Amino acid sequence: MHVQQWINPDTGEIFALPPRPVEGPSRLLRSAVFTWEPSAAWAAIREVLVAAREKHTITNFVGFAGGTMFGDSPSATQHALVWTVIRLFRKDGKGESDEPLACSLQDPIYDAQDTRVLNLLKMNVVEDPQGFLDVEDSSIVFTCNSDVPVKEIVLNIARPAIMIIDDITRINS
């Protein structure tokens, strides 16, 4: 569980931060989706995914290291990508169903508010190692800037139909 605390730099005293309202990440995610959907990046990714959709039946989406939707991070855009992909494929794997594609997201930093917002959007937050166990040959796997070697672990389990991975090379670390 991710505990939110603040340490007073003057006294060293530790304070528990109050719970954050769900409206914050909901609004942030909604804004990210409105920005993401008309973007050139999504148009390029969507074109590739639509072509792949004709060759593969997709049964689920599994995401790793999406990050919390609070604070200054690209996490809202990453979750906007997840949302648009699961809507593109839908439950039937071909985009013809009314239900979004089954979606599992695994990140140890998700807290109760993140989980509540994601669950409202039919994105199921799972604990380690369930995300890896959900990967199948008919899955879409997504990870961005993970500290864990997701690609290597996943490829030891299955050969997903689609992998969307952002490999970050750290310099001088």
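Predicted model: local features only at pLDDT ≥ 70, side-chain atom pairs only at ≥ 80, totals over all residues.
Which side chains meet in a salt bridge?

**First stop: the salt bridge**

Select E37 and R87 and display their side chains; they meet in a salt bridge, with 2.3 Å from N to O. The count of salt bridges in this model comes to one. Now colour the elements around the pair. E37 lies in the loop between α1 (23-36) and α2 (40-55), whereas R87 belongs to helix α3, so the contact ties together parts that are 50 residues apart in sequence.

The five strands form an open sheet whose order is β5-β4-β3-β6-β7, with parallel pairing. Select β5 (124-126) and β7 (162-166) to see the edges: each has a single partner strand, so one side of each is left without a neighbour in the sheet. Looking across the sheet, one finds a twist that averages 15° from one strand to the next.

To examine one pairing in detail, select β6 (residues 139-144) together with β7. These strands run parallel and are joined by five bridges. At C144, the residue standing opposite is D166 in β7.

How many aromatic pairs does a search of the whole structure find? There are three, and two of them are shown here.

Select W36 and W42. Their rings form a tilted pair, 6.0 Å centre to centre, with 45° between the planes. Both tryptophans, W36 and W42, are buried.

Then select F64 and F132. The ring centres are 4.4 Å apart and the planes stand at 25°, so this pair is stacked. F64 lies in strand β3 and F132 in helix α5 (residues 130-134), so the pair ties together parts that are 68 residues apart in sequence. Are F64 and F132 buried or exposed? Both are buried, which can be checked by displaying the surface over this pair.

Key
Residues numbered from 1 in each chain as written. Heavy atoms only, no water. Pairing = 2+ DSSP bridges. Helix = DSSP H or I, 4+ residues; strand = E, 2+ residues; numbered from the N terminus. Axes fitted to C-alpha atoms, helices over the stretch in contact; angles between N-to-C directions. Salt bridge = Lys/Arg side-chain N within 4 Å of Asp/Glu carboxyl O. Phe/Tyr/Trp six-rings, centres within 6.5 Å; stacked < 30°, edge-to-face > 60°. Buried < 20%, exposed > 50% of the residue type's maximum accessible area, 1.4 Å probe, protein only.
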